[in-house]
Amino acid sequence: MSRVVVTGRVPEAALEKLRTEHEVDAWKGPESIGREELLRRVAGADAVVSLLTERIDAELLDAAGPQLKVVANVAVGYDNIDVPACTERGVVATNTPGVLTEATADIALGLILSATRRLGEGERLIRSGQDWKWGMFFLLGSSLQGKTLGIVGMGGIGQATARRAKAFGMEIVYQSRSEIDPGVAAELGARRVDLDELLAISDVVSLHCPYGPATHHLVGAEQLAAMKSSAYLVNTARGPIVDEAALASALRQGKIAGAGLDVFENEPSVHPGLLGLENVVLVPHLGSATVETRTAMAMLAADNTLAVLSDERPPAPIN
Ligand code: DGY
């Protein structure tokens with residue numbers, strides 16, 4: 001029997017699955033586990049099931065000890081994990097691709113609609129108690145039909161977002177490290193372009209690339225200036241892909257029309273310059289937040305853990 005440390009609250013079904021074969025030490029506190037407590041708990045663990053709020057670095061891996069076999073992140077993004085440090089120590093790192101694709105694409109489309117149709121502004125107006133009535137020019141937004149969606153990072157979530165946008169009548173262009181499956185490109189009528197062209201021609205730019213040194217501040221002042229002044233930026237990937245200060249300034253100056261953000265550069269903080277702006281929709285990292293999706297993510301992390309502890313290849317290895 002191995003010892004599995006779970007660094008935060010996850011659906012009970014996943015804990016039950018792990019408990020059928022192993023001893024499970026799961027953090028149950030309402031707040032995130034503190035760093036000190038985390039370092040103390042992982043000592044002697046064979047497996048760590050981690051949430052994206054926990055940093056899994058060399059210090060933590062060393063605190064766990066040489067018997068550690070697997071770090072199973074309950075997220076598709078794994079910028080919280082130092083993967084080379086895992087590899088150096090022979091620790092398998094895993095993530096949860098696939099199971100949150102549709103839920104995240106739903107939120108991306110939701111943000112596209114909320115930003116372009118000014119739903120947040122309308123909601124705030126009604127709740128403020130101000131007088132309002134239907135008017136020909138009242139809270140006019142921008143239609144999606146016939147507009148161009150530029151997807152940055154055309155993996156599963158990018159493609160699922162494109163599929164939804166196509167149903168709303170949008171044309172799709174994308175920027176990606178590689179060509180996508182020609183059948184999918186044909187189904188979506190999607191054309192691959194470079195980032196400069198994508199920024200120049202898109203009416204909505206939606207970010208779906210992973211975060212890392214290569215994508216840090218991929219969208220900054222220069223890229224925002226290259227977008228149409230009528231365009232919108234949506235980010236459901238990772239906050240630091242966007243220079244939040246530059247975005248706040250571009251939105252304030254009307255360099256772009258609006259934005260929808262599910263992720264932030266220094267979560268859970270949000271750049272103060274964004275908070276007072278009407279033309280940005282802000283939601284608290286809800287991309288995968290459905291009961292079904294979070295359960296599927298936790299179950300996949302449990303499957304990854306059980307496989308490595310049985311010396312089998314896990315369903316979703318990173319290294
Ligand atoms: C992920 O899995 O990376 C998401 O950000 C979680 O919501």
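Predicted model: local features only at pLDDT ≥ 70, side-chain atom pairs only at ≥ 80, totals over all residues.
Biologist: Where is the place of S142?

Modeller: S142 sits in the loop between α6 and β6. The side chain of S142 also has a partner there to look at: a polar contact of 3.3 Å joins it to the side chain of K147.

Biologist: And F138, where is that found?

Modeller: F138 is in the loop between α6 and β6 as well. With a relative accessible area of 33%, F138 is partly exposed.

Biologist: Which residues make the nonpolar surface patch?

Modeller: For a patch, you look for nonpolar side chains with over 30% relative accessible area that can be joined within 5 Å. Here W134, M136, F137 and L140 make a patch of about 590 Å². Take W134 as one of them: it is found in the loop between α6 and β6, and its relative accessible area of 69% makes it exposed.

Biologist: Now for charges. How many salt bridges does the structure hold?

Modeller: The general idea is that side chains of opposite charge can pair when their charged atoms come close. In this model there are 23 salt bridges. One of them joins E59 to R35, with the closest N and O atoms 2.9 Å apart.

Biologist: Which helices do E59 and R35 lie in?

Modeller: E59 belongs to helix α3, residues 58–64, and R35 to helix α2, residues 35–42, so this pair ties together parts that are 24 residues apart in sequence. E59 is partly exposed at 44% relative accessible area, and R35 counts as partly exposed too, at 22%.

Biologist: What does R89 meet in a salt bridge?

Modeller: The side chain of R89 meets that of D62, at 2.8 Å from N to O. R89 lies in the loop between α4 (83–88) and β5 (92–94) while D62 is in helix α3, so the link ties together parts that are 27 residues apart in sequence. R89 is partly exposed, with 30% relative accessible area.

Biologist: How many residues apart are E37 and R41 in helix α2?

Modeller: They are 4 residues apart, which separates them by about one helical turn. E37 and R41 form a salt bridge whose closest N and O atoms are 2.7 Å apart. R41 counts as buried, at 18% relative accessibility. Salt bridges can also link up into a network: R3, E23, D25, E37, R40 and R41 are joined in one.

Biologist: Let's turn to the backbone. Is the peptide bond from E267 to P268 cis or trans?

Modeller: Most residues other than glycine have a negative phi, and most peptide bonds are trans. The bond from E267 to P268 is cis, with omega near 5°. P268 has its place in the loop between β11 (258–261) and α12 (272–275).

Biologist: What is the phi of R118?

Modeller: It is positive, about 60°, although R118 is not a glycine. R118 sits in the loop between α5 (101–116) and α6 (119–127), and is partly exposed with a relative accessible area of 27%. H285 is another case, with a positive phi near 45°, and is found in the loop between β12 (280–282) and α13 (291–309).

Biologist: Which residues are around the ligand?

Modeller: H285 turns up again here: the residues around the ligand are L52, A75, V76, G77, L100, R238, H285, S288, R294 and M297. That shell divides into 5 nonpolar, 3 polar and 2 charged residues.

Biologist: How far does a polar side-chain atom of H285 lie from an oxygen atom of the ligand?

Modeller: The distance for H285 is 2.8 Å. For S288, a polar side-chain atom lies 2.7 Å from a ligand oxygen. An N or O atom in the side chain of R238 is 2.7 Å from an oxygen atom of the ligand. As for cover, the ligand on its own has 230 Å² of accessible area, and the protein covers 92% of that.

Technical notes:
Residues numbered from 1 in each chain as written. Heavy atoms only, no water. Salt bridge = Lys/Arg side-chain N within 4 Å of Asp/Glu carboxyl O. Helix = DSSP H or I, 4+ residues; strand = E, 2+ residues; numbered from the N terminus. Buried < 20%, exposed > 50% of the residue type's maximum accessible area, 1.4 Å probe, protein only. Near = heavy atom within 4 Å. Polar contact = N/O pair within 3.5 Å; in protein donor to acceptor, adjacent residues only side chain to side chain. Areas by Shrake-Rupley, 256 points an atom, 1.4 Å probe, with all protein chains shown as cover. Nonpolar A, V, L, I, M, F, W, Y, C, P; charged D, E, K, R; others polar. Patch = residues over 30% accessible without salt bridge, like charges linked within 9 Å, V, L, I, M, F, W, Y side chains within 5 Å.
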